[in-house]
Amino acid sequence: MTMPTHKLPYFGEIDFDEAKDHYLANCEIDDRKINLHLFLKDNPLSTKRLDAVTNILNHLEELNKQNKNYIRADFNNEGEALGHVQFYMEELEDELEQFVDTNKSEIPQLQLLNKLQLKVIFIQCEDDFEATFDYALYFDGKASNQVLGVKLNADKSLKRISWES
């Protein structure tokens, strides 16, 4: 069963009989403007996929918090998050003290990890549904080109975390 027209949070009315491949909208999370990208390949979109998209869009704030916990766990398990932070520890070497307080009891890697901010969200309704929340470090107001992508399944569970450029 498909729905020819449906109103999605942030995106408004979408006519799925004449759907585009890509939609762009904005939201605000943690007082930051975040771009939302919606990619539609399946035409018509199933009701199940539409419900998954709506469910993700209705819970962006809490998913952001959940994702930060996933990132912290990945860091603690020496996964992609640790590699990402170590990369920037080496890149920043001489300037590191501008971004972390070496006098704090919290290790510098963890301080840097805690500075990750949500940059952009991609929702892909293609063959394999995926919602990707990209997190970046910001230096002088500019996002780093290396990001940690937290990829979620349709049910909002963690699919994987990947380090991307």
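**Reading contacts and salt bridges in a predicted model**

Q: Among contacts in the protein between residues at least 6 apart in sequence, what share joins residues at least 24 apart?

A: A contact means heavy atoms within 4.5 Å. Of the contacts in this protein between residues at least 6 apart in sequence, 52% join residues at least 24 apart. The structure is a predicted model, in which local features need pLDDT of at least 70 and side-chain atom pairs count only at pLDDT 80 or more, while totals for chains, interfaces and linings use all residues. Residues are numbered from 1 along each chain as its sequence is written, and side-chain values use heavy atoms, with hydrogens and water left out.

Q: How many helices and strands does the protein have?

A: Helices (H or I, at least four residues) and strands (E, at least two) are DSSP runs, numbered from the N terminus. The protein has four helices and 10 strands. Their order along the sequence is β-β-β-β-α-α-α-α-β-β-β-β-β-β.

Q: Is alanine 136 buried or exposed?

A: Buried means under 20% relative accessible area, exposed over 50%, and partly exposed in between (1.4 Å probe, protein chains only). Alanine 136 counts as buried because its relative accessibility is 0%. Its place is in strand E6 (residues 130–136). Beyond residues up to four places away in sequence, alanine 136 touches several others, among them Lys115, Leu116, Ala143 and Val147. In the protein as a whole, buried residues make up 42% of the 165 residues.

Q: Which residue meets lysine 159 in a salt bridge?

A: Side chains of opposite charge can pair when their charged atoms come close. A salt bridge is a side-chain nitrogen of Lys or Arg within 4 Å of a carboxyl oxygen of Asp or Glu. The side chain of lysine 159 forms one with that of glutamate 130 (3.2 Å, N to O). Lysine 159 lies in strand E10 and glutamate 130 in strand E6, so this pair ties together parts 29 residues apart in sequence. Glutamate 130 also meets arginine 160 in a salt bridge (3.4 Å, N to O). Asp128, Glu130, Lys159 and Arg160 are linked in a network of salt bridges.

Q: Where does the salt-bridge pair of glutamate 164 and lysine 151 lie?

A: The side chains of glutamate 164 and lysine 151 meet at 2.9 Å, N to O. Glutamate 164 is in strand E10 and lysine 151 in strand E9 (residues 147–152), 13 residues apart. Lysine 151 is buried, at 7% relative accessibility, whereas glutamate 164 is partly exposed, at 24%.
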